[in-house]
Every structure is written in C-alpha cells, then in structure tokens.
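Have a look at the fold before you read on.

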Amino acid sequence: MYKLRNYQSEAVNSVIEWVKRTTEPCLVELPTGSGKSIVIAELAKILTSISKGKKVLVLQPSLELLSQNSSKYKLTGEPCSLFSASAGIKSLRHNVIYATPLTVKGALDKFDNKFCAIIMDESHLLTPT
C-alpha cells in the first residue's frame, strides 16, 4: 500500500475533475522524482472504478518504465496485465494494462471500445506515427 503526497493527490484530483467534465485530452507535468508512477497507479485505479467495467491502458516507451510503473500499480492491491513484446507477455486479462506503444501498434485489432482511458508516461517521447 502507499500514501499519496499532497501534490500527488492534487494532481490526481485535478485529472479526475477534468475527466468528469470533458473528453478532451489532459496533460499532467510532474518533475523527475515526484512519484509519477504512483500518480499513474492511482489514476488507473480510480478510472477503472468509475468507468463501469472499462479498462485503462497505460503506455510507456520502455521495458524499464513498464516494470517500474506496473510494480507501483501492484501496490494498490489490484492485479494488472502487461502487453509488451520486450517483456515477453501480451495479456489483456485485467482492467489495467501496462504496455509499450510499438507492441500495441502492432496489435490494434485487440484494442477496442473496452477502454475508458489511455495514460501515457513520457508522452513527450511519442512521435506522430
């Protein structure tokens, strides 16, 4: 289990308020060392709980971040799936799925309207393709 710091709670609450008001994308900027993995975990947990059975996809550009982020999510007490060729696992079983973008891109037919949100870690590294 974990306890959010005040600024982490503020970030999570701001995103949830935004999501409840609009379907427009939201960007959260947190500095290195601020606990983004915990913020992502909390957001994924809340979004799955309010989405009436829909899933959350969490994208991160590397196996290292996938491992770090998914391990923080497991601290919530909920299971998650991994979908990454570099991890050697492609599972969509659980409500929260941690994945790498290129693996998802190669299997877009598996990703349909079962998802309520996509959370992207290190989004500045993503390209238009």
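Quick definition before the points: buried means under 20% relative accessible area, exposed over 50%, and partly exposed in between (1.4 Å probe, protein chains only). Helices (H or I, at least four residues) and strands (E, at least two) are DSSP runs numbered from the N terminus. Keep in mind that this is a predicted model, where local features need pLDDT of at least 70, side-chain atom pairs count only at pLDDT 80 or more, and totals for chains, interfaces and linings use all residues. Residues are numbered from 1 along each chain as its sequence is written, and side-chain values use heavy atoms, with hydrogens and water left out.

1. Strand 2 (residues 81–84) is covered on both faces: S81 and F83 are buried on one side, L82 and S84 on the other.

2. Who are its neighbours? Strand 2 runs parallel to strand 4 (residues 96–99), joined by three bridges, and L82 has Y98 as its bridge partner there. With strand 3 (residues 89–90) the pairing is antiparallel, over two bridges; F83 partners K90. Pairing here takes at least two DSSP bridges between two strands.

3. In the hairpin of strands 2 and 3, four residues sit between the strands, and G88 has a positive phi near 75 degrees.

4. L59 belongs to strand 1 (residues 55–59). Its relative accessibility is 11%, so L59 counts as buried.

5. In helix 1 (residues 6–21), the buried set is Q8, A11, V12, V15 and I16. N6, E10, K20 and R21, on the other side, are exposed.

Methods. Expected span 1.5 Å × (residues − 1).
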